[in-house]
Amino acid sequence: MAANGNASVKVEICHDDSGPPVKAQTIDQLHSLQKKKPSAPTTPKKQQGADGASLFTSAISDQERQQQQLQSISASLASLTRETGPKVVKGDPSARKSAEAPKAQITHHHHHLTAPVVPISDSALKFTHILYNLSPSELYEQAIKYEHGSFISSSGALATLSGAKTGRSPRDKRVVRDGSNEDDLWWGKGSPNIEMDEHTFMVNRERAVDYLNSLDKVYVNDQFLNWDPEHQIKVRIVSARAYHSLFMHNMCIRPTEEELENFGTPDFTIYNAGQFPCNRYTHYMTSSTSIDLNLARREMVILGTQYAGEMKKGLFSVMHYLMPKRGILSLHSGCNMGKGGDVALFFGLSGTGKTTLSTDQNRYLIGDDEHCWSDNGVSNIEGGCYAKCIDLSGEKEPEIWNAIKFGTVLENVVFDEHTREVDYTDKSVTENTRAAYPIEYIPNAKIPCVGPHPKNVILLSCDAFGVLPPVSKLNLAQTMYHFISGYTALVAGTVEGVKEPTATFSACFGAAFIMLHPTKYAAMLAEKMQKHGATAWLVNTGWSGGSYGSGNRIKLAYTRKIIDAIHSGSLLEATYNKTGVFGLEIPTAVEGVPSEILDPINLWADKQAYKDTLLKLAGLFRNNFEGFTNYNIGKDSTLTEEILAAGPVF
């Protein structure tokens with residue numbers, strides 16, 4: 001105690017973490033210190049020369065490169081009724097002071113067709129702000145700030161809405177028919193290609209470009225298609241929504257910073273003005289929606305639909321045209337690779353199990369939907385996956401479940417207002433709920449997404465009639481026949497008014513996207529299979545022992561055993577019997593699968609009912625194939641006749 005009777009007080013100085021004051025003099029300057037120089041979003045891949053050095057060299061200054069980049073974008077956005085492209089500048093207009101005029105001004109003389117020159121308008125006085133290859137974080141901010149209906153879900157994914165259209169509009173898709181493609185493309189009955197003329201395309205293009213130029217800002221993505229560097233395509237997507245930009249960031253191949261600097265002029269451009277309708281008085285228009293492809297101009301215009309899948313599948317259609325002209329087969333398929341380098345292709349329509357069977361934890365995923373088969377092997381066209389989410393669960397599909405995290409786009413899902421947890425069983429908005437995520441979100445994805453030539457080609461069918469065997473080996477002619485047919489079946493109850501199984505045929509297992517006649521793709525498939533020694537298999541994941549309602553769905557465990565036997569090569573060593581009508585080679589035994597289910601007739605109690613149903617399905621195949629019988633492959637009809645002979649025999 002001190003002499004005065006008061007307790008002594010020991011004062012301790014706390015650790016001083018104040019540090020020197022920041023250099024900024026204003027809040028704006030402080031904010032500017034927070035952000036480092038931006039880097040380009042990239043897909044994880046490296047391209048180096050033999051000595052390890054970069055393949056890219058910098059021959060011009062950064063300022064010149066940026067000027068060239070803006071000139072290229074200005075040229076893409078040029079209206080055909082004005083002599084110059086719009087004045088474009090990078091950056092978010094909301095981040096600029098309203099009194100501050102943009103310093104960069106790029107104009108570009110752009111001549112295409114002879115078009116009227118209109119007097120000066122307000123559009124000539126404004127800048128179009130370009131938000132160029134933004135990162136997912138930046139696009140999240142844009143979506144949350146400016147797009148009604150965009151939220152961050154509990155998993156970190158961006159949940160958003162695609163507006164009134166929650167699926168593709170195939171009847172509104174148009175392709176310009178001109179001298180350059182008239183003899184190449186598939187036109188007429190059964191074809192997905194509905195023609196339009198050049199003038200009408202230009203009317204819609206002008207409408208889309210004028211709409212995009214009227215906005216304060218547009219999003220521009222410069223990206224790639226096809227992981228095979230020898231056959232890569234440069235694409236530019238101009239859109240009005242952050243959601244669309246993030247979707248394409250995920251679905252296309254993301255360039256490295258060096259690749260972006262040297263991107264140059266794109267090979268194909270999408271103008272997505274989906275918020276703005278087409279003019280119903282325009283020739284060929286049947287609704288307020290129009291998705292238009294001009295292969296000669298390498299351009300696509302979207303009006304009247306905000307469904308992001310139109311961009312993905314539009315580019316797939318383009319690849320179905322460009323790649324075969326290079327001798328490369330474009331395929332609507334899944335693809336995986338075993339540890340030993342054996343590659344398998346999986347074809348199948350919705351409900352056949354294509355996604356489930358191609359996503360295998362014991363094998364590397366090359367891609368889930370779109371591929372090319374060239375002389376170099378197989379390559380994924382895309383940089384991401386577009387998975388259905390209806391009834392998704394972590395138990396059934398853990399890879400997809402775990403991929404739905406920050407950076408993923410969730411379309412049209414329903415979530416808890418408070419917790420933001422998604423209810424994947426809720427179909428209130430649509431049954432076609434979707435997730436778009438980069439392929440590296442799948443743990444066993446093979447990066448880069450390329451592989452050697454396929455060893456096995458698996459055609460999946462969900463036969464609700466219950467008469468196709470669980471697995472059969474196909475010869476080349478049968479492969480072409482079933483590939484062109486693209487068969488599966490809808491079961492009763494999935495469509496209102498359907499009381500019994502309904503056969504569905506989609507040529508090449510993707511009729512909505514092919515550009516050439518189906519027999520051309522089939523001939524290329526057979527040629528590549530023969531050249532590289534691949535074997536084709538028809539696998540039925542549908543019913544056995546009776547049609548839907550009387551028989552039972554083939555157990556997934558049995559189908560997996562069959563697929564495993566295909567991958568291992570053991571099924572090639574099996575003994576085979578030939579069925580009647582379809583003439584299919586079916587194995588007498590598969591390890592882990594009851595032998596009695598391998599021949600469908602064994603499990604049918606009423607053998608006559610089986611035969612009647614088999615003939616009914618065969619008749620449906622024959623009726624469907626009549627649309628292809630008048631098309632000759634090559635100089636004569638020999639191959640066409642060979643394919644027809646591989647169909648059912650009555």
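Which residues does Trp 373 touch, leaving aside those up to four places away in sequence? Keep that one in mind while you look around this predicted model. Here's the answer: Trp 373 touches Ile 328, Leu 329, Leu 331, Leu 345, Val 378, His 453, Pro 454, Leu 525, Lys 528, Met 529, His 532 and Ala 534. From there we can go on to the cores, the strands and the salt bridges.

**The nonpolar cores**

- Trp 373 turns up again in the largest nonpolar core, which has 127 residues.
- Together with Leu 410 and Tyr 437, Trp 373 is among the residues with the most contacts inside that core.
- At least three residues of this core come from domain 1 (137–328 + 374–450), and at least three come from domain 2 (454–515 + 526–646).
- Another core, of 26 residues, lies apart from it, and its members include Leu 77, Val 176, Met 202 and Cys 278.

**Strand β24 and its partners**

- Take a look at strand β24, which covers residues 454–461. Seven of its eight residues are buried, so the rest of the structure largely encloses this strand.
- Strand β14 (residues 343–347) runs parallel to β24, and five bridges join the two. To find the pairing on screen, look for Val 343, which stands opposite Pro 454 in β24.
- Pro 454 is also one of the residues that Trp 373 touches.
- Strand β28 (residues 535–540) runs parallel to β24 too, with six bridges joining them.

**An open sheet of five strands**

- Now for a sheet that is open and has five strands, in the order β3-β4-β19-β22-β18. The pairing in this sheet is mixed.
- Its edge strands are β3 (151–152) and β18 (384–388), and each of them pairs on one side only.
- Phe 151 stands opposite Ala 159 in β4.

**Salt bridges**

- How many salt bridges does the structure hold? The count is 19.
- One of them is between the side chains of Arg 297 and Glu 299, at 2.8 Å from N to O.
- Are these two partners buried or exposed? The cut-off for buried is under 20% relative accessible area. Arg 297 has 17% relative accessibility, so Arg 297 counts as buried. Glu 299 has 7%, so Glu 299 counts as buried as well.
- Lys 312 and Glu 370 form another salt bridge through their side chains, at 3.1 Å from N to O. Lys 312 sits in helix α7 (residues 309–322) and Glu 370 in strand β16 (residues 370–374), so the pair ties together parts that are 58 residues apart in sequence. Both Lys 312 and Glu 370 are buried.
- Arg 363 and Asp 342 make a salt bridge as well, at 2.9 Å from N to O. Arg 363 is in the loop between α8 (354–358) and β15 (364–367), while Asp 342 is in the loop between β13 (334–337) and β14, so to speak 21 residues apart. Arg 363 and Asp 342 are buried too.
- Some salt bridges share partners, and in this way Lys 312, Lys 313, Lys 354, Asp 369, Glu 370 and Glu 382 are joined into one network.

Methods: Residues numbered from 1 in each chain as written. Predicted model: local features only at pLDDT ≥ 70, side-chain atom pairs only at ≥ 80, totals over all residues. Heavy atoms only, no water. Buried < 20%, exposed > 50% of the residue type's maximum accessible area, 1.4 Å probe, protein only. Helix = DSSP H or I, 4+ residues; strand = E, 2+ residues; numbered from the N terminus. Pairing = 2+ DSSP bridges. Core = buried A, V, L, I, M, F, W, Y, C linked by side-chain atoms within 4.5 Å. Domains from an automatic or database assignment. Contact = heavy atoms within 4.5 Å. Salt bridge = Lys/Arg side-chain N within 4 Å of Asp/Glu carboxyl O.
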